[in-house]
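Student: I have a new model on my screen and would like to learn how to read it. Could you walk me through it?

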Amino acid sequence: MVKIFRTARAAAFAACLVLLSACSNDLLGLFSANDLDVRLEARDSFVFLSHEDRNPSFGDEFTFIALADTHILNGNAHGFERLAQAVSRHNADFVVLLGDITQNGARGDIQRFIDIANSVPVPVYPVIGNHDIYFNNWSAWRDMIGSTRYRVDSRRADGSIAATFFVLDSANAFFGRSQLDWLERELASAGGRVFVFSHINVFSDSGISHVQFIDARERARLVSILRGRSQMMMSGHAHRYFVTNAGGVSFVTLEDFRSNRTFAVVSVTNSGVTHSIDSL
């Protein structure tokens, strides 16, 4: 019993280190965040994304923009309001925002994100981050955005799948068995290029950094699931840019947009998948 208690206490402490390692954390907000299972109950609810957004036709060759950690606060989007410029500059087909969209999940700041996203002519796919559930503000995300875990299939003119995108919920620094089971099942019917997006980075670029997943076994299972099926997984949270290759998958971690105004441009062609870093 003592051993079990110590193990649980150590896991809880590790989770706190993961979430507190990213900048601008608020202790009160952290400890009033909600549970992953509660959010996954709304997995089939779509408020912000339209049916067309969830069933696009990007084709076999496309370009998308990925950025992370905008931390919108009191309406200040830290340059994210210039998203349309980046989309136009790179002729992007869609955008993925890799979590910590807001600083504390406030409804007004979620609305600011929605207004900016609606100002560009391409879909913007939101990923939930730990800051987005602060102060138990999951209800705001649920009401204004909807599901935190979802799949998007881009189809060709003949109806076949050209690419599949998975958005995962890692706001509590883990995926959980049920979510990884879902990913494994869904991958069986995925088509074309496969990309996975989440907020918390799976790997770290430093031996002393705690900004990564807390369960090494879960990380190993994720790599096993994606091996031979996905080309790239992208995340934020660490506020640093680095790439880790594991199981034939490129795990790309992006630095925070709020401080650096940087974003990744991912180009998918018949020859392969490449990415570069640009800024606004």
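Tutor: Gladly! Let's begin with sheets: two strands pair if DSSP finds at least two bridges between them. Helices (H or I, at least four residues) and strands (E, at least two) are DSSP runs, numbered from the N terminus. Here, five strands make an open sheet in the order 3-2-1-10-11, with mixed pairing. Its edge strands, each pairing on one side only, are strand 3 (124–126) and strand 11 (272–279).

Student: What should I know about the model itself?

Tutor: This is a predicted model, in which local features need pLDDT of at least 70 and side-chain atom pairs count only at pLDDT 80 or more, while totals for chains, interfaces and linings use all residues. Residues are numbered from 1 along each chain as its sequence is written, and side-chain values use heavy atoms, with hydrogens and water left out. pLDDT is the predictor's confidence in each residue, from 0 to 100. The protein chain has a mean pLDDT of 89, and 85% of its residues reach 70 or more. Over residues 1–28, however, pLDDT stays under 50.

Student: How do strand 10 and strand 11 run, parallel or antiparallel?

Tutor: They run antiparallel, and eight bridges join strand 10 (residues 262–269) to strand 11. As an example, Ser-267 has Thr-274 in strand 11 as its bridge partner.

Student: Which helix lies across strand 10?

Tutor: For this we need angles: axes are lines fitted to C-alpha atoms, for helices over the stretch in contact, and angles run from 0 to 180 degrees between N-to-C directions. Contact means heavy atoms within 4.5 Å. Helix 5 (residues 83–90) lies across several strands, including strand 1 (62–67) and strand 10, and runs at about 30 degrees to strand 10.

Student: Which residues of helix 5 are buried?

Tutor: Buried means under 20% relative accessible area, exposed over 50%, and partly exposed in between (1.4 Å probe, protein chains only). In helix 5 the buried residues are Leu-83, Ala-86 and Val-87. Down the axis of helix 5 these buried residues fall within an arc of 100 degrees, so they line one face of the helix; the arc is that of the directions from the helix axis to the C-beta atoms. An α-helix has 3.6 residues a turn, so residues three or four places apart point the same way.

Student: What is the strand order in the sheet of six strands?

Tutor: That open sheet has the order 4-5-6-7-9-8, with mixed pairing. Strand 4 (150–155) and strand 8 (242–246) are its edge strands. Strand 6 (residues 193–197) and strand 7 (residues 232–235) run parallel, joined by three bridges.

Student: How many salt bridges are there?

Tutor: Side chains of opposite charge can pair when their charged atoms come close. A salt bridge is a side-chain nitrogen of Lys or Arg within 4 Å of a carboxyl oxygen of Asp or Glu, and the count comes to 11 by this rule. In one of them, Asp-169 pairs with Arg-39, with the closest N and O atoms 2.7 Å apart. Asp-169 lies in the loop between strand 5 and helix 8 and Arg-39 in helix 3 (residues 36–40), so the pair ties together parts that are 130 residues apart in sequence.

Student: Are Asp-169 and Arg-39 buried or exposed?

Tutor: Both Asp-169 and Arg-39 are buried. By contrast, look at the salt bridge of Arg-107 with Asp-143 (2.9 Å, N to O): Arg-107 counts as partly exposed at 40% relative accessibility, and Asp-143 is partly exposed at 38%.
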